[in-house]
Amino acid sequence: MKFLHAADLHLDTPFSGLSALPAPLQQRLIAAPAAALTKLVDLALAEHVDFVLLVGDLFDQASQSVQAQAQLLTQLERLNTAQIPVVLSFGNHDFQPDTASWPFPANVHAFGAQVETVTLTTAQQEKVAISGFSYDQRWVTTPMIDHYPLKNPTADYHIGMLHGQVGVVGDHYAPFSVSALLSKHYDYWALGHIHQRQALNEQPPVVYPGNIQGRHAGETGAKGCLIVTSDDQRRLTPTFHALTAITWRTWTPDLTGELNRADLLTALTSGMTTQGETGLQLISITLPATLQLTTAAELAWTQGALLAQLQANVDSQHVWPVAIQMASAPDATPLFGLDAAAWEAAGQQVVTSEKIAALADHLITTEFLNTALLEDMSPEAWRAQIMRLLADQYHLTTEGAATDAD
């Protein structure tokens with residue numbers, strides 16, 4: 001037997017905070033969840049799986065766009081054409097009071113709000129019982145595991161689908177304990193909700209596949225799904241398959257001593273172009289505590305000029321730096337030397353695009369900025385950079401500044 005286990009597709013993810021990305025990269029990232037779903041179905045077809053399990057949060061929200069619905073239905077129809085059954089559930093993000101109203105193809109079984117069991121027969125005539133439920137509201141605070149039946153003694157395999165997390169009664173996301181799952185004596189637990197791929201138990205497998213596309217800089221590394229295969233002893237073994245062409249990563253370059261702005265830029269550019277991964281990497285850089293910066297280099301970092309120059313130097317088809325921070329100063333705020341409290345206080349005031357433009361004009365006439373920061377940028381380019389940083393801080397759209405995508 002062979003099946004595909006995936007969860008947390010999050011179609012329609014808004015991807016907030018994309019203003020620093022060039023428009024073509026923004027579009028690639030926005031399209032990435034749907035592209036990963038297409039690859040998922042490609043994989044299912046290539047592996048000739050017996051069935052596909054999709055365990056909750058297929059969409060990022062309960063009210064989906066027509067486009068996102070069409071993306072899912074199109075891929076489900078491809079599986080229907082190949083006569084591959086799909087068993088799916090809705091989770092806390094895309095909870096559905098009425099799953100029966102969806103125009104799913106004939107190969108799809110969508111669980112309702114109550115735990116139920118569907119039975120499939122594989123091409124090898126193996127009988128597989130699959131139990132699960134869908135969220136009908138955003139929070140499910142009761143341990144739904146209490147409603148799952150014991151393993152079906154007439155089935156060759158019994159699989160549980162559960163979108164939730166380890167917890168106790170009152171927790172928001174169908175709380176469970178691993179021991180409660182194991183007490184059902186199922187052959188496999190297909191979990192969803194946690195975006196980090198992990199196994200809570202080896203045999204029988206109790207597994208989160210993670211989401212199929214990283215949604216922000218905190219969701220790093222390869223994302224994808226699991227192909228689960230059986231052996232002669234009827235044990236099930238999951239194997240990870242990456243689906244994404246866009247990956248969030250963190251990178252701490254091996255740098256020591258003191259570097260000036262030019263040498264730091266050269267070192268980062270060289271390191272970024274030799275990362276060796278395929279696809280597009282969106283990289284958050286942490287400068288190590290062993291590194292010291294000259295005054296000009298530190299100013300270029302804190303004011304954003306270093307990041308802007310690095311972005312101009314790299315091949316944006318394969319790598320894009322999204323942030324640079326210092327490990328030795330985790331609490332530093334890279335905006336004009338003001339701390340978080342000062343920014344928060346300022347954010348309570350009425351800030352207009354006219355005031356931002358006036359401030360930008362004032363800053364580019366300041367002598368130390370001209371000396372330290374304009375050595376590689378024209379006054380017009382630096383003014384635009386100032387306006388972008390301020391506009392992002394206050395979530396405004398200004399002439400000459402990028403627009404926040406969310």
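The side chains of arginine 215 and aspartate 60 are joined by a polar contact of 2.6 Å. This comes from a predicted model. The protein has ten helices and 17 strands, and buried residues account for 49% of its 406 residues. Of the contacts between residues at least 6 apart in sequence, 70% join residues at least 24 apart.

**Arginine 215**

- Arginine 215 lies in the loop that runs between β10 (206-208) and β11 (224-230).
- Its relative accessible area is 19%, so arginine 215 is buried, the cut-off being under 20%.
- Beyond its neighbours within four places in sequence, arginine 215 has contacts with His10, Thr13, Phe15, Asp60, His93, His195 and Trp248.

**Glutamine 165**

- Glutamine 165 also belongs to a loop, the one between β7 (157-163) and α3 (178-182).
- With a relative accessible area of 25%, glutamine 165 is partly exposed.
- Glutamine 165 and proline 175 are ten residues apart along the chain, and their C-alpha atoms are separated by 5.3 Å.
- Pro175 is also one of the contacts of glutamine 165 when neighbours within four places in sequence are left aside; the others listed are Tyr173, Ala174, Phe176, His193, Ile194 and Tyr208.

**Threonine 286**

- Strand β15 (residues 280-287) contains threonine 286.
- Threonine 286 counts as buried because its relative accessibility is 16%, and buried means under 20%.
- A polar contact of 3.0 Å links the side chain of threonine 286 to the side chain of glutamine 325.
- Not counting residues up to four places away in sequence, threonine 286 touches Gln325 together with Trp251, Thr252, Pro253, Met326 and Ala327.

**Helices α1 and α2**

- Helix α1 (residues 23-47) packs with helix α2 (residues 66-81) at an angle of about 5 degrees, and their axes are 10 Å apart.
- The angle makes α1 roughly parallel to α2, since angles under 35 degrees count as such.
- On the α1 side, the contact is made by Ala34, Leu37, Thr38, Val41, Asp42, Ala44 and Leu45; on the α2 side, by Gln71, Leu72, Gln75, Arg78 and Leu79.
- By type, the residues of this contact between α1 and α2 are seven nonpolar, three polar and two charged.

**Helices α4 and α6**

- Helix α4 (residues 261-272) and helix α6 (residues 305-313) have axes that come within 10 Å and cross at roughly 45 degrees.
- That angle makes α4 oblique to α6.
- The crossing of α4 and α6 is right-handed.
- From α4, the residues Arg261, Leu264, Leu265, Leu268, Thr269 and Met272 meet Ala305, Leu306, Gln309, Leu310 and Asn313 of α6.
- The residues of the contact of α4 with α6 comprise seven nonpolar, three polar and one charged.

- Ala297, Ala300, Trp301 and Thr302 are buried in helix α5 (residues 295-302).

Key: Residues are numbered from 1 along each chain as its sequence is written. This is a predicted model: local features need pLDDT of at least 70, side-chain atom pairs count only at pLDDT 80 or more; totals for chains, interfaces and linings use all residues. Side-chain values use heavy atoms; hydrogens and water are left out. Axes are lines fitted to C-alpha atoms, for helices over the stretch in contact, and angles run from 0 to 180 degrees between N-to-C directions. Helices (H or I, at least four residues) and strands (E, at least two) are DSSP runs, numbered from the N terminus. Angles under 35 degrees count as roughly parallel, over 145 as roughly antiparallel, 65 to 115 as roughly perpendicular and the rest as oblique. Contact means heavy atoms within 4.5 Å. Ala, Val, Leu, Ile, Met, Phe, Trp, Tyr, Cys and Pro count as nonpolar, Asp, Glu, Lys and Arg as charged, and the others, Gly among them, as polar. A crossing is left-handed if the near helix is turned anticlockwise from the far one by less than a right angle, and right-handed if clockwise. Buried means under 20% relative accessible area, exposed over 50%, partly exposed in between (1.4 Å probe, protein chains only). A polar contact is a pair of N or O atoms within 3.5 Å; within protein, one must be able to donate a hydrogen and the other to accept it, and residues adjacent in sequence count only if both atoms are side-chain atoms.
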